[in-house]
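Dear colleague,

I am handing over a structure that will be new to you, with the sequence and coordinates placed just below. My notes on what was found in it follow after that.

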Amino acid sequence: GRKWTEVGLVNESLKDKTVLVRGRIQTTRPVGKNIGFLVLREKGFTLQCVLTVADNLVSRQMVKFATSLSKESHVDIEGIVSVPDAPIKGATQQVELQVRKIYGISKALPTLPINIDDAARSEVDIEKALQGGEQLVRVNQDTRLNFRVLDLRTPANQGIFRIQCQVENIFRQFLLSEGFVGIHTPKLIAGSSEGGASVFRLDYKGRPACLAQSPQLHKQMAICGDLGRVFEIGPVFRAEDSFTHRHLCEFTGLDAEMEIKEHYSEVMDVVDRLFVAMFDSLNENCKKELEAIGKQYPFEPLKYLRKTLRLTFEEGVQMLKEAGVEVDPLGDLNTEVERKLGKLVLEKYGTEFYILHRYPLAVRPFYTMPAYDNPAYSNSFDVFIRGEEIISGAQRVHVPELLSTRAEGLGIDLKSIETYIDAFRYGAPPHGGFGVGLERVVMLFCALNNIRKTSLFPRDPQRITP
Ligand code: ATP
Ligand code: AMO
């Protein structure tokens, strides 16, 4: 076969060489009848291609054909790499291709619902353009999601989904290196795993069932089955009622569960090492992706410490109090207060990533272990990036009697979780674990304002297509 080069790899090192590339047409621009420019795009990289009838490189018909191709069509181009004197605006690659041959491969409609160039512009850029009297249509979030396949073609989105893959990859690699076993638990289950209202109910061959709100029950049962340390990467379903910037009805859960020897801090230790390794790796190995995202959505790199800060819930409440924010010391923190605490922590400790632990028991799910010294508190934690929650975790109740009492007290139908509770009657080790929302990690690492930006095809209370 012929030898192909990627658009992103066409650079000065290939000067005077003939290369063959395939990409989409980003823009075309005829200059008279003898010269034409087109910008070719592949995986977010762009390359300026020049057609000129001079030196008999191409014919006039070729210039006409090439510059009349519709945007987003695929073409193959064979050409010679040249290095122009001036920097090239409007293309990532700082070399040009002198076209010799061009083949149309696949046509796009002449008019598209989203103009990729417009969709890729930053808010600042748009403001400037509008003030300068430029005609342009701001592409809103709903339009982007309605035509997601087009929206995904922007450089920022190309970066976002590569970062997401890397987050998932590091989660897996890191936990494997620490002796965790990857598992898959059922998503069709008999009863709600987290309690509460946000559950999708369905009919399972005539029996009531639901979509798993988390792998909680089965990841714990895997520990009862002596797998020791387990992790799962899989879909999580939540019938969320409210339309917020950070809740989806289906998201990807990164879950872990492990035996513990003495203290739930062993679980927090894993979270600490895992996330420091993850952030390091993203900063080190995803520079291009982060840059592409930052160009459209400018953000400051995440501030985090080598050893993750841990504060108790009580300490958090105290910090808030000193800042004039009164909260119920045994209640939950609302989103606004969580953000405020994030700001205070940043000012005092210089980190935007921290763990808040020993939550009041009353605000945690039934399977959470109460604190041994004070049952008003629990052996649990949440983890925050830039003042927003990305992880919940805890030591679990492994005593069946206590588990049933807790579940019953919270109005959970014991029948629906009978086999789960039974699992602890056959001998269960002390254990704990945590659950991470993949989309939230990417959203908050990159300081994006909406979780829909980090979900390939988001599912929210109003959206089930595309
Ligand atoms: P978890 O399920 O572990 O609590 P979560 O991030 O999904 O994680 P929620 O339980 O939904 O969080 O809510 C956490 C806090 O955020 C709650 O205390 C609630 O006050 C607040 N919150 C939830 N939904 C909204 C909303 N639509 N608007 C404002 N605040 C909200
Ligand atoms: P929790 O309910 O806090 O805990 O969920 C764990 C993490 O999942 C993410 N998350 C969400 N992401 C997007 N859309 C949603 N609607 C949504 N809801 C939650 C958040 C959250 O921190 N079983 C426990 C975890 C455990 O203790 O192991 C659980 O599900 O990032």
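**What was found**

Leu188 stands opposite Leu211 in β9, and the strands that hold these two residues, β7 (residues 188-189) and β9 (residues 207-211), pair in the antiparallel sense over two bridges. Here helices (H or I, at least four residues) and strands (E, at least two) are DSSP runs, numbered from the N terminus, and two strands pair if DSSP finds at least two bridges between them. Strand β9 is also joined by four bridges to β8 (residues 201-204), again running antiparallel, and in that pair Asp203 stands opposite Pro208. The hairpin of β8 and β9 has two residues between the strands, and Lys205 takes a positive phi near 50° in it.

Please keep in mind that this is a predicted model, in which local features need pLDDT of at least 70 and side-chain atom pairs count only at pLDDT 80 or more, while totals for chains, interfaces and linings use all residues. Residues are numbered from 1 along each chain as its sequence is written, and chains are lettered from A and ligands numbered from 1 in the order in which they are written.

The protein chain has 14 helices and 16 strands. Eight of the strands form an open sheet with mixed pairing, in the order β6-β10-β11-β16-β15-β14-β13-β12, and its edge strands, β6 (181-182) and β12 (309-312), each pair on one side only. Within this sheet, β14 (residues 380-385) runs antiparallel to β15 and is joined to it by six bridges, with Ser380 standing opposite Ala394.

Turning to the ligands, the residues around ligand 1 (those whose C-beta atom, placed from the backbone, lies within 6 Å of it) are Ser242, Thr244, Asp332, Asn334, Thr335, Glu389 and Ser392. This shell divides into no nonpolar, five polar and two charged residues, where Ala, Val, Leu, Ile, Met, Phe, Trp, Tyr, Cys and Pro count as nonpolar, Asp, Glu, Lys and Arg as charged, and the others, Gly among them, as polar.

Around ligand 2 there are 24 residues, of which Ser214, His247, Ser392, Gly435 and Gly437 come nearest. The elements giving two or more residues to that shell are β11 (250-259), β15 (388-395), β16 (431-437) and α14 (438-445), and β15 gives the most, with six residues. The shell around ligand 2 holds eight nonpolar, nine polar and seven charged residues.

With best wishes
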